[in-house]
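Hello,

I am passing a structure on to you. Please open it first and then read the notes below.

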Amino acid sequence: MANVVSQYESKPPPFGHEMRKCFSFDPEYINMNHGSYGSLPSPVAEAIKPYYALAEANPDLFHRFTSIDLIRDVRKRIAKFIGAAHTEEVVFVPNASHGLNTILRSFIWEEGDIISSCNTTYNSISRTAEYISDIPPHPEVVQFTLLFPTSHSEIIQNWRAYVRSLNEMRDQSAQKLGRRPKIVAIIDSIISVPGALLPWKEMVKICKEEDVWSVVDGAHSIGQELDLNLAEANPDFWVTNCHKWMYAKRGCALLYVPKRNQHIIKASFPTSHAYKKGGGSNFVEQFEWNGTIDFVPYISASCALDFRAWLGGEHVINDYCHRIALEGGKRLAQILGTEIIDQDQDFQFTLSMVNVAVPFPPTMSSAFEIDMAFRRKLLIKRKIYPAFFYHNGKWWIRCSAQIWSQVEDFEVLGQAILEASKEILEEFGDGTEKKTMGIEDKVEKVN
Amino acid sequence: MSSKKSIEPVALDQLLKKPHQFFQNRAPPRFGHEFLQYYSFNKGFLNLNNGSFGALPIVITDACNELTVWQEDNTDYYYRIGFIPPLIGVREQLARFVGASDVDEIVMTANTSTGMGLVLRNFLWKSGDIIIRFNTTYGTVYKTIQYIHDTNPDVEISQYELLFPTTREAILEGWQRHIHNVKRNAPQGSKIVAVVDSIVANPGASMPWKEMVRICKDAGVWAVVDGAHSVGQEPLDLAASGADFFVSSAHKWLNAKRGCAFIWFSKRSREIMLTTIPTSASYVSPGPDRPETNIISQFQYNGTIDYTPYLSVHYALQWREWIGGESAIHKYCNNLAREGGRRLAKIMDTQVMDPDGEFTLAMVNVVLPFPKDFSSSYDAAVASALTNKLLAQNMFAVTFYHRELWWTRVSAQIWNELSDFEILGNAFVSICGQIVIEHQNANIPPDSRAKSFHSYLEHPFRGAVACDPNDGLDCPRPVTATTVVPVGYHTHLASIRP
C-alpha cells in the first residue's frame with residue numbers, strides 16, 4: 001500500500017496556472033466557478049484510494065468498524081479546525097442542504113411560528129422553508145430584504161430592525177394563541193449569489209438578544225472563511241460543505257449542533273436504528289449510520305486538510321485567492337465597463353468570490369432563458385464559466401478565485417462576456433420591446 | 001479567441017468505452033472461486049455476507065474511477081448538463097429491468113433507508129392514521145415509523161409479529177387476519193399504511209410479498225414495500241405487483257457502487273410525494289401553478305452528491321449480462337444457498353430455518369451450535385463476540401438472535417462454493433465453543449445485557465453494542481469500536497491522526 005504521506009515530500013507547485021498540475025481539469029477549460037461544486041485535487045483523489053480498497057477488501061470490517069473509527073478521528077480533527085468546543089457537536093452529512101433540512105424539519109412547528117429567510121437565501125433552502133410552510137400547521141415564512149450595494153453596518157442595522165419587527169409579530173400572535181411561538185432565522189455566513197461574506201456573527205448575536213433561533217447556512221465557509229471559531233460565534237446551528245472550498249470529495253458536509261441544542265434534533269435523516277424519543281442524548285450515534293453510503297468522502301475531509309497543509313495552510317491559500325479575487329474582479333469590471341457588487345471601501349463582502357455586473361442595459365429582461373443562453377455560449381462554446389445571477393435589477397457574474405487562478409483568466413472571461421452579452425442582446429432584445437424568447441430550455445436550474 | 005472544441009452532450013457509453021471492451025474481449029469464468037479474481041477481497045477473505053454491503057467487481061470499480069475523472073474534467077458541465085442524460089438512461093434501464101411501466105416511475109436515492117424515509121415522511125399524517133410494521137422490519141425503517149409516531153402521537157403503530165420457522169400459508173392467513181382487524185378498528189377516514197419487506201433482513205427470508213400486497217390493496221391499505229434485498233436477487237415486475245411503493249438497494253445484489261438505490265412508485269402513489277429530502281430548488285408549492293407533483297424533477301437534483309453510484313448501474317447491468325444473465329445467477333445462488341445451508345447444518349449439528357426452501361433465495365439461515373440454555377436471552381456481548389471472532393478468522397456471515405436461538409444468515413454469491421459453507425461451519429463450531437467457555441469464565445449473570453461498551457472492558461467481550469432492554473428488537477446494527485486486528489487487516493491511519 002502506497003505511503004500516503006510521500007506525495008507531499010516534494011514542494012508544491014506555485015499558485016497560479018502551474019497549480020493545475022494538482023487538479024484534473026480539461027486543459028482547455030478555465031475553471032472560474034469552483035464555488036458551485038468544488039474541485040477534487042488529484043493528490044486527495046490518490047490519498048483516498050486506499051480507503052476504497054479497504055472498503056472492497058473486507059466490506060464487513062470496513063463498514064462495521066474501520067470506517068466508523070476513521071470518521072470519528074476525522075470529526076475530532078475537523079471539530080478543532082472549526083473551533084467547536086466538543087467533537088460531539090460535529091457530525092457528517094452528505095451536503096449542506098441535507099444538514100439544513102435536518103435542522104429545519106426537526107423543529108416541532110406550531111401555528112404562529114415564523115421562519116425567516118432572505119431574498120438571498122440559497123434557492124433549495126428557500127424552497128425548504130416554503131415546503132414547511134405548505135404543510136400543516138403552516139408556519140409563516142417572512143423574508144428579510146438584502147440588496148446590494150450595501151455595507152456590513154447597514155445590514156446589521158437593518159437586521160436588528162427586522163428581527164425586532166418579527167418579535168412584534170410574535171407578540172401579537174402570542175396574545176391570540178395564549179403561548180409564545182418561536183422564530184427560526186436562516187442566516188447565510190457567505191451568500192451564494194452574490195458570493196458575499198455577511199456579518200453573520202453579529203446577526204447571530206442579535207438573534208440571541210431577541211430570542212430567535214439562528215440557523216446558519218455556512219455552505220461556503222469552511223476553507224474560505226479564515227479562523228472559524230464556532231464556540232465563540234455560538235450560532236444555534238451551523239452547516240458547511242467540505243466539498244466546496246475545503247477540497248473534500250463530494251458529498252461531504254458538516255452539521256454543527258452545540259450540546260445545548262442537540263435535544264432539538266429529533267432524528268437524523270434517514271432515521272437511525274439508534275433513534276430514541278427525545279433525541280439529544282445520543283446525537284452523534286444517530287448520525288453514524290443512516291444506511292449504506294460511500295463513506296470515503298467523509299474520510300477525504302482529513303486528506304483534504306493534509307493537502308492544504310502541504311500548500312502552506314489556510315492563510316497562505318486564502319491570501320492568494322483573496323488577492324486574485326479583488327485584482328481579477330477589478331480588471332473584469334474594467335473590461336466590461338461595469339462595477340463590482342462589493343462597494344464597501346474595505347471590500348468587507350469579498351473573500352475568494354467576486355461579483356461583477358454584466359454589461360446589459362437596465363431594461364434587460366431577468367428571464368431564466370438569459371442564464372441558459374450564457375451557459376450555452378460560455379460553458380459549452382467557449383469553455384470558460386462563472387455563475388450568473390440576477391440581483392436588484394441587474395445581471396451579475398460571480399467568479400471564484402482559486403489557487404490555480406490568475407488575473408489573466410479574468411481578462412479572458414471579460415472578452416468572452418463582451419462577445420456573449422452582445423450576442424444575447426441581439427437574440428433577446430434589450431427588454432424595451434416585446435420579443436419572443438428564443439430557445440425553450442428544459443434544463444433544470446441548478447446552482 | 002482561440003478555437004476550442006465545444007462540449008457536446010454524449011451518451012455514457014460513448015464517453016467511457018473501457019467496460020465495453022472488457023466485456024467484448026473475454027468469456028466469463030464459471031460461477032464459483034474462479035470469480036474471486038474479478039473482485040478485490042483480501043487474500044483468503046471468505047465473504048459469505050454479500051447481503052449487507054454487496055461487493056463491487058473490479059471492472060466496475062475501474063469504470064467508476066473513469067466516471068470520477070469525467071466529473072472533475074469540467075465539474076460545471078457535469079452538474080448542470082452532463083449527468084442528466086446518463087442518469088435518465090440509467091432510470092430507463094432500471095425501469096425496464098424491474099417491470100415499471102414508465103421511466104418516471106423510477107427515481108434514484110442513496111439507499112433503502114433513505115428511500116423508505118422519503119416515502120414515509122411524505123405522507124401527510126393525520127390523527128387516527130395507522131402504520132403497520134413488523135417485529136422484523138429493518139432497524140432504520142422500524143425507527144422511522146417510531147419517529148413518525150413520536151412526532152405525530154395520534155398516528156398509531158400496529159405491529160405484526162413474524163416468527164420463524166413458519167410457512168407462507170401461515171403468514172398469509174395471519175396477515176389477512178391482521179389487516180382485517182386493523183381495518184375494522186380504524187377510525188373513519190383514516191389511512192392505513194403497511195410497510196412490508198419483500199425479503200426480510202434477519203432472518204434472510206423471501207416473503208410472499210406480492211400476495212401480502214394484494215391483501216393490502218383489497219382492503220384499501222397503502223402497501224409500501226421495503227425491497228432492499230430484491231433487485232438482483234429475484235425477478236421483479238413492479239407495475240404488475242400492485243404495490244404503491246417499492247424501494248430497493250442496487251448496491252446489494254445488483255453490483256452497483258454503494259450509495260445506489262431506487263424508489264418505484266405507481267403514478268397514483270406519486271402524488272403522495274411532495275418533496276425530496278432535502279427539498280430541491282425546483283420544488284413548487286401545491287397550487288394552480290402546480291396541479292401535479294413535480295417530484296421527478298426534484299429527484300434529479302436536490303443537493304450536490306456524487307452521481308457515480310447511480311451511474312454505475314449502467315455497468316452493473318452489463319456485468320450481470322456478461323457473467324450469465326439473471327436466471328443463471330439466481331439459479332446458481334439459490335442452489336448453493338440450499339445445499340450450503342444443509343451442509344452447514346450438518347457440520348454444526350443444528351438445523352436450517354427453512355428446510356423446504358420456500359423462503360430461500362440467495363440467503364439461508366442456520367441455527368448456531370450453542371447449548372440450548374445458553375441462548376435463553378439476548379446478549380449483545382455474544383453478538384459482538386460472534387462478529388469479532390469471525391472477522392479475526394478472515395471471514396464473515398451475519399449472526400442474529402431470533403426466538404431464543406442464535407442464527408447465522410449466509411449469502412450465497414457467484415464467487416462462493418460449497419466448500420465455503422464447510423469452512424464456515426467448522427469455524428462456527430470452534431467459535432461458539434470458545435464463546436461458551438469465555439462466557440462461563442467471565443461470570444456474567446444469566447439475565448444481563450450489555451448496556452454500553454465500557455461495562456465490558458474488563459472481560460473478553462470487547463466492542464459490545466449498547467442495547468436497550470426495552471427495545472425488544474432483533475434488528476441488525478453495526479458494532480461500534482473494536483480492538484480486534486484480524487489477519488490481513490491493515491490500517492492506514494497515518495494521514496488522519498490530528
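The notes below cover confidence, some helices and a few backbone features.

This is a predicted model, in which local features need pLDDT of at least 70 and side-chain atom pairs count only at pLDDT 80 or more, while totals for chains, interfaces and linings use all residues. Residues are numbered from 1 along each chain as its sequence is written, chains are lettered from A and ligands numbered from 1 in the order in which they are written, and side-chain values use heavy atoms, with hydrogens and water left out.

Confidence. pLDDT is the predictor's confidence in each residue, from 0 to 100. For chain A its mean is 93, and 95% of the residues reach 70 or more. Over residues 438-447 of chain A, pLDDT stays under 50, and the model has 26 contacts (heavy atoms within 4.5 Å) beyond four places in sequence for that stretch.

Helices. Helices (H or I, at least four residues) and strands (E, at least two) are DSSP runs, numbered from the N terminus. In chain A, the axes of α13 (residues 368-382) and α14 (residues 407-428) come within 10 Å and cross at roughly 135°. Axes are lines fitted to C-alpha atoms, for helices over the stretch in contact, and angles run from 0 to 180 degrees between N-to-C directions. Residues making the contact include A:F374 and A:L378 of α13(A) and A:I417 and A:I424 of α14(A).

In chain B, helix α17 (residues 326-348) has 23 residues and reaches 32 Å from its first C-alpha to its last, close to the 33 Å expected at 1.5 Å a residue (1.5 Å times one less than the number of residues). Among its buried residues are B:I329, B:L336 and B:M348; buried means under 20% relative accessible area, exposed over 50%, partly exposed in between (1.4 Å probe, protein chains only). Their cover includes α16 (313-323) and α19 (418-441) of chain B. After α17(B) comes B:D349, with a positive phi near 55°.

Backbone. Most residues other than glycine have a negative phi, and most peptide bonds are trans. A:D211 has a positive phi, near 60°, and is partly exposed at 46% relative accessibility. B:N394 also has phi near 60°, but is buried, with a relative accessible area of 9%. The peptide bond from B:N202 to B:P203 is cis, with omega near 0°. Another cis bond joins B:I277 and B:P278.

Regards
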